[in-house]
Amino acid sequence: MKKIRTVIAVIEPRQMRQPALMRALSIVQYARGDQSSIKQPPRIIALLPVYDFSFDISSVLSIEQEQRMRDDVVKKHSRWLDAYLQVNAMGYKVEPQVIWSKSTGRSITEVAKKEGADLIIKTADVHGFLDTVLFTPLDWQLLSNSPVPV
C-alpha cells in the first residue's frame, strides 16, 4: 500500500452522518498500523465546501457587506464542523477546513494540491436526470479533474 501522509475527507453540509470521514478514519487507522516505522501519523483534513446561492442575487450589497456575510456563513459552518469533529473524530486529530466556493470541484482539487493530499474521500451523490443534464455533478468533476485518487 502506498504510504499515506494526507487524506482529505469531503464533508457534506447539512448531514449528521459523514461516511467520508468515517472511511478516512478507517484508512488512516489501517495505514498507521501498516506504516508503523513512520514517526508522524497520517493527517486527516475534514474539508467542508460551502456556498450560498442567495449571494448570486445580492448585487445590491457593497463589497464589505458581501464579505462580512460570507465570513459569517464560513464561521457558522466552522463552529458546526469543530463541534462535529469533537464528537465523531474517534480520538484522531482531524484538521477542520471550511472553504467558500462557487466551483466546489475546482476548490477541492486546489486544496488537495496545496496540502499535498494522497487521497480524497467523498460520499457519492445521487442525482436526478434533470440535474445531470443541467449541471455537471461534483462527483464527475472530482473524478475527471483530481490530481490524486478519489
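**Notebook: contacts, surface, one backbone angle**

I began with contacts, meaning heavy atoms within 4.5 Å. Among those in the protein chain between residues at least 6 apart in sequence, 75% join residues at least 24 apart.

I noted the basis of the entries: this is a predicted model, where local features need pLDDT of at least 70, side-chain atom pairs count only at pLDDT 80 or more, and totals for chains, interfaces and linings use all residues. Residues are numbered from 1 along each chain as its sequence is written, and side-chain values use heavy atoms, with hydrogens and water left out.

I looked up the elements, which are DSSP runs numbered from the N terminus (helices H or I, at least four residues; strands E, at least two). The protein chain has five helices and four strands, in the order β-α-β-α-β-α-β-α-α from the N terminus.

I then took the surface, by the Shrake-Rupley method with a 1.4 Å probe. The accessible surface of the protein chain is about 9,500 Å², and 55% of that belongs to carbon and sulfur atoms. Of the 150 residues, 40% count as buried (under 20% relative accessible area; exposed is over 50%, partly exposed in between; 1.4 Å probe, protein chains only).

I checked methionine 90. This residue lies in the loop between helix 2 (63–88) and strand 3 (94–100). The phi of methionine 90 is near 55°, a positive value in a residue other than glycine. Most residues other than glycine have a negative phi. Methionine 90 is exposed, with a relative accessible area of 52%.

Last, I looked up lysine 75, which is in helix 2.
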